[in-house]
Amino acid sequence: LLSGIFIVYKMQTIGAAFLVTGGTFAAMSVYGFITKRDLTRIGSILIMCFIGLFIASLANIFIANNALSWIITYGVLAVFIGITAYETQKLKILAQQYGDDPNMAPRIAIIGSLLLYIAFINMFLSILRIMGNRR
């Protein structure tokens, strides 16, 4: 699914975007893991923001407004940075509750890894678009 980025963007840009994304993702995962603050409320707000950004991006397909496109890109980046911390904290809590259950632990691990993978990919694509340097 991501092979098209190798046609559109230069390798240096892809590499730099991957490093920035990896650092940001790691920092927010660590924050979500060690923070004592409950991120549940922020997480639900971020998910609603994501839904709004998704609807705005669908509308922008027909409007084709460049400024709105950049606002959506930065919005998606901000939302998924927050969602990374929220999902990490949620996975930590689930692991504490169900970590000893041999039936639930693998399920939680698979679902959690998919959720964090989606957050990483969306952050990567947003950072890649911001860094630009198309061929």
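Which residues does Arg 37 touch, not counting residues up to four places away in sequence? Arg 37 touches Tyr 31, Ile 42 and Gln 89, where contact means heavy atoms within 4.5 Å. The model is predicted, with local features needing pLDDT of at least 70 and side-chain atom pairs counting only at pLDDT 80 or more, while totals for chains, interfaces and linings use all residues. Residues are numbered from 1 along each chain as its sequence is written, and side-chain values use heavy atoms, with hydrogens and water left out.

Arg 37 sits in the loop between helix 2 (11–34) and helix 3 (40–63); helices here are DSSP runs of H or I with at least four residues, numbered from the N terminus. Between Arg 37 and Ile 55 there are 30 Å from C-alpha to C-alpha, at a separation of 18 residues in sequence.

Gly 43, Leu 46, Leu 53 and Asn 60 are the buried residues of helix 3, and helix 4 (66–98) is included in what covers them. Buried means under 20% relative accessible area, exposed over 50% and partly exposed in between, computed with a 1.4 Å probe on protein chains only. Gly 52, also in helix 3, is partly exposed, since its relative accessible area is 38%, and its C-alpha atom is separated by 9.7 Å from that of Ile 72, 20 residues apart along the chain. Just after helix 3, Ala 64 takes a positive phi of about 60°.

Helix 2 packs with helix 4 at an angle of about 45°, their axes being 7 Å apart. That angle makes helix 2 oblique to helix 4, given that angles under 35 degrees count as roughly parallel, over 145 as roughly antiparallel, 65 to 115 as roughly perpendicular and the rest as oblique. Axes are lines fitted to C-alpha atoms, for helices over the stretch in contact, and angles run from 0 to 180 degrees between N-to-C directions. On the helix 2 side the contact is made by Thr 24, Phe 25, Met 28, Ser 29, Tyr 31, Gly 32 and Phe 33, and on the helix 4 side by Ile 81, Thr 84, Ala 85, Thr 88, Gln 89 and Lys 92. Within helix 4, Thr 84 is buried, with a relative accessible area of 0%, and, leaving aside neighbours within four places in sequence, Thr 84 is in contact with Phe 25, Met 28, Ser 29, Leu 116, Ala 119 and Met 123.

The axes of helix 2 and helix 5 (residues 104–131) come within 9 Å and cross at roughly 135°, which makes helix 2 oblique to helix 5. Among the residues that meet in this contact are Ile 14, Phe 18 and Phe 25 in helix 2 and Leu 116, Met 123 and Ile 127 in helix 5.

Helix 5 itself has 28 residues and reaches 40 Å from its first C-alpha to its last, close to the 40 Å expected at 1.5 Å a residue. Its buried residues, including Ile 108, Gly 112, Leu 116 and Ala 119, pack against helix 1 (5–8), helix 2 and helix 4. After helix 5 comes Gly 132, whose phi is positive, near 65°.

Key
Helix = DSSP H or I, 4+ residues; strand = E, 2+ residues; numbered from the N terminus. Expected span 1.5 Å × (residues − 1).
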